Amino acid sequence: MQTKMKVLNWRRIGGLLALTATLVLITVWAQDYYSKKVFHMEGLKYAKYADSGSGSIEYRASFGRGEPIYVHTYEDEKRVEIAGEVYEIRAYGMESGHSSSYEVSYPDGRTYLVKPFGDRSFLAYNEKGEMVVPGIRFMVGSQVHRSDPEEPRYFPTELAKAADEQFHDPNGSVGFFILALGIGIMNWCFFRYEPFQRFMFHMSPSNLMIDNPEPSDFYFFMCKAGGIFGMGFALWIFFAQAL
């Protein structure tokens, strides 16, 4: 009997150590992931990969997708380099910061004016002063196709955001990550641990006024089924909102 108790204690200690290590790894990952700033180009999310320290920054998308993007900063302009082509972004007018407007020049000579819209968005205007909006984009294999063949491959608002870190967005939502983690842990306990199931049963307001209530087999079944559904819901929140 004593040997069996020692085995159970060691199993419990091992489980706690494994849980602690998992939480530490998750914390380290989350701190690194959510501290990044990102922007999107052709539907891909780019984050800083390398900073030369001399005014040139390299950005890459995850899993080796897309072309590396290089942003070169000069005194009076920024240049975004993609696959050997250079796009020039110059400040337009006297505004500064988030109220800045930019002139975006393409290698083929086309020029667009990009004006701020809200805190982190832009609107683009062509050389005639007409507002232009991105057309529909769809993937065929690894190729991006556009509903408007005249639309430039990289839209001017995307280039303007890529050129300046102040317009980059947070890398996902840490609030939704914490929510998904909490829901996932709670529903794992619902699915796995009978003491937790019993605790929640006795904490239910409908059972507080009953003497010695006991959960039924159907209650335990619903706890497991609900736990599976809840863990799936937590995964949906994580992938749809937290990343």
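## Rings, charges and a nonpolar patch

Ile185 has its place in helix 3 (residues 174-192), where helices are DSSP runs of H or I with at least four residues, strands are E runs of at least two, and both are numbered from the N terminus. The model is predicted, so local features need pLDDT of at least 70 and side-chain atom pairs count only at pLDDT 80 or more, while totals for chains, interfaces and linings use all residues. Residues are numbered from 1 along each chain as its sequence is written, and side-chain values use heavy atoms, with hydrogens and water left out.

Let's stay with Ile185 for a moment. At 42% relative accessibility it counts as partly exposed; buried means under 20%, exposed over 50%, and partly exposed in between (1.4 Å probe, protein chains only). Together with Leu16, Leu19 and Leu23, Ile185 forms a nonpolar patch on the surface, with about 360 Å² of accessible area. Such patches take residues with over 30% relative accessible area and no salt bridge, nonpolar side chains (Val, Leu, Ile, Met, Phe, Trp, Tyr) being joined within 5 Å. A salt bridge here is a side-chain nitrogen of Lys or Arg within 4 Å of a carboxyl oxygen of Asp or Glu, and areas come from the Shrake-Rupley method with a 1.4 Å probe. Helix 1 (residues 2-34) gives the largest share of the patch, 3 residues.

Now to the rings. How many aromatic pairs does the structure hold? There are 22 aromatic pairs, counted when ring centres of Phe, Tyr and Trp (its six-membered ring) lie within 6.5 Å; planes under 30 degrees apart are stacked, over 60 edge-to-face, and the rest tilted. In one of them, Phe39 and Tyr59 have ring centres 5.1 Å apart and planes at 75°, so the pair is edge-to-face. Phe39 lies in strand 1 (residues 37-41) and Tyr59 in strand 3 (residues 56-61), so this pair ties together parts 20 residues apart in sequence. Another edge-to-face pair joins Tyr219 and Phe220, with centres 5.8 Å apart and planes at 65°. Ring pairs also link Trp29, Tyr33, Tyr34, Phe177, Phe238 and Phe239 into a cluster.

| Residue | Relative accessible area |
|---|---|
| Phe39 | 1% |
| Tyr59 | 2% |
| Phe220 | 15% |
| Cys189 | 19% |
| Cys223 | 7% |

The disulfide count comes to 0, taking a pair of cysteine sulfur atoms within 2.5 Å as the rule.

Finally, charges over rings: the charged end of Arg60 sits over the ring of Tyr49, 4.2 Å from its centre, and Arg79 lies over the face of Tyr74, at 4.9 Å from the ring centre. This needs NZ of Lys or CZ of Arg within 6 Å of the ring centre and within 35 degrees of the ring normal.

Methods
Patch = residues over 30% accessible without salt bridge, like charges linked within 9 Å, V, L, I, M, F, W, Y side chains within 5 Å.
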